[in-house]
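Here is a short briefing for a reader new to this structure. Please look through the sequence and the model first, then read the points below.

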Amino acid sequence: MTRDYTIVTLTSAIAVLRMANRLSERQLYRWTCLTLDGKPVPSSDGLRLVPDGEAGSLDRPDMLFVCGGYHCERHCSGVLLDALRRFAKRGVPLGALCTGSHFLAAAGLLDGYRCAIHWENLSSLREQFPRVHVSSRLFEIDRDRFTCSGGISSIDMMLNLVQAAHGQELARDITEQIILERVRTENDMQRTPLHHQLGAVNQQSLVDAVALMEGNIEEPLTLGEVAEYTDISPRQLERLFHEYLECTPSRYYLDLRLNQGRLLLLQTSMSVTEIASRCGFSTAARFGKSYVAKYGKRPTDERRPAP
């Protein structure tokens, strides 16, 4: 556990293992919660679990998970990275809960691997660690690396691990006990697709338009190009955005780019000029003006610690 870890992700993962033991009437799994120094660290909601010891007390566990949460970049210490590398050298399979993937990537332990991380951290992880294959799925199981996106996605990842080791019947029984509708797989994405947000209304043109915008942040398309690619007129596109998203296409596109910029400001050390370019702004000044209009502060102020 690292400081500001997401407690719901940690306890959800453990709950699946506990239920596997209970339902099988055997001790299939044992778990130990550790911190670097063996002292309690606060979770993101301020709660402190009493750890069983310090990370250095373990020799060669069957599997090790690092649990992250908010401000993972602030807690990415050399001591933590060295500890993870030592476990990797011993051949320990490594996993990550929530933003724990950031620590594995920073230690060079995800190079060439697929990994999942919370959607707020996708962009920064891709920018900082280009050798890591970052996905937007709920979780990824790639050889001896196991990563999930946070929240209750740890339930899905653990259920898939239990199913692989002990069969589908046990995994199904666990889902029934914890009142889960189904076992989600690696193919499930972590964010609710736009067509689900629209409810029963089937507006594929709008879904396609938003997907185009999300895929073209650094070099934004014109409204005419978006309309052309989605095979509708600009006027129809405007109407769809007004009716279902209550804004203009231009406003929606700008907000996407600014949100991307904010995540890069908070999660990377990239310069404001570089971030502006990555988010499709011709100059840092244009980016800054739009940023102030949306968030009420300058991009440089975003990085200053709270008083």
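Arg-143 is found in the loop between β7 (139-142) and β8. Helices (H or I, at least four residues) and strands (E, at least two) are DSSP runs, numbered from the N terminus. This is a predicted model, in which local features need pLDDT of at least 70, side-chain atom pairs count only at pLDDT 80 or more, and totals for chains, interfaces and linings use all residues. Residues are numbered from 1 along each chain as its sequence is written, and side-chain values use heavy atoms, with hydrogens and water left out.

**Loops and positive phi**

- Arg-143 is not a glycine, yet its phi is positive, about 55°.
- With a relative accessible area of 56%, Arg-143 is exposed. Buried means under 20% relative accessible area, exposed over 50%, and partly exposed in between (1.4 Å probe, protein chains only).
- Asp-231 is also not a glycine and has a positive phi of about 65°.
- Asp-231 sits in the loop between α9 (223-229) and α10. Its relative accessible area is 68%, so Asp-231 is exposed.
- Ile-179 follows α6 and has a positive phi, near 55°.
- Gly-46 lies in the loop between β1 (34-35) and β2 (53-54). Its relative accessibility is 45%, so Gly-46 counts as partly exposed.
- Gly-46 and Arg-3 are 43 residues apart in sequence, but 9.7 Å apart in space, C-alpha to C-alpha.

**Helix α6 and its two sides**

- Which residues of α6 (residues 168-177) are buried? They are Leu-170, Ala-171, Ile-174 and Thr-175.
- Seen down the axis of α6, these buried residues fall within an arc of 140°, so they line one face of the helix. The arc is that of the directions from the helix axis to the C-beta atoms.
- An α-helix has 3.6 residues a turn, so residues three or four places apart point the same way.
- Gln-168, Glu-169 and Glu-176 are exposed on the other side of α6.
- The cover over the buried residues of α6 includes α1 (7-24) and α5 (153-166).

**The nonpolar cores**

- The largest nonpolar core has 27 residues. A nonpolar core is a set of buried Ala, Val, Leu, Ile, Met, Phe, Trp, Tyr and Cys residues joined through side-chain atoms within 4.5 Å.
- Tyr-5, Leu-10, Val-16, Leu-97, Met-157, Val-162 and Ile-174 touch the most other members of this core.
- At least two residues of this core come from each of α1, β8 (145-148), α5 and α6. Helix α1 gives the most, with eight residues.
- Leu-10 is in contact with Met-1, Tyr-5, Leu-49, Cys-67 and Leu-97, leaving aside neighbours within four places in sequence. Contact means heavy atoms within 4.5 Å.
- Another core, of 26 residues, lies apart from the largest one. Ala-209, Leu-240, Ala-276 and Cys-279 are among its residues.

**Where α8 meets α10**

- Helix α8 (residues 204-215) and helix α10 (residues 234-245) pack at an angle of about 95°, with their axes 10 Å apart. Axes are lines fitted to C-alpha atoms, for helices over the stretch in contact, and angles run from 0 to 180 degrees between N-to-C directions.
- The two helices, α8 and α10, are therefore roughly perpendicular to each other. Angles of 65 to 115 degrees count as roughly perpendicular, under 35 as roughly parallel, over 145 as roughly antiparallel and the rest as oblique.
- On the α8 side, the contact is made by Ser-205, Leu-206, Ala-209, Val-210 and Met-213. On the α10 side, it is made by Leu-237, Leu-240, Phe-241, Tyr-244 and Leu-245.
- The residues of the contact of α8 with α10 divide into nine nonpolar, one polar and no charged. Here Ala, Val, Leu, Ile, Met, Phe, Trp, Tyr, Cys and Pro count as nonpolar, Asp, Glu, Lys and Arg as charged, and the others, Gly among them, as polar.

- Thr-2 is found in the segment before α1, and its relative accessible area of 8% makes Thr-2 buried.
- Ser-12 lies in helix α1 and, at 10% relative accessibility, counts as buried. Ser-12 touches Ile-152, Ser-154 and Ile-155, not counting residues up to four places away in sequence.
- Tyr-291 is found in helix α13 (residues 284-295). Tyr-291 is buried, with a relative accessible area of 0%.
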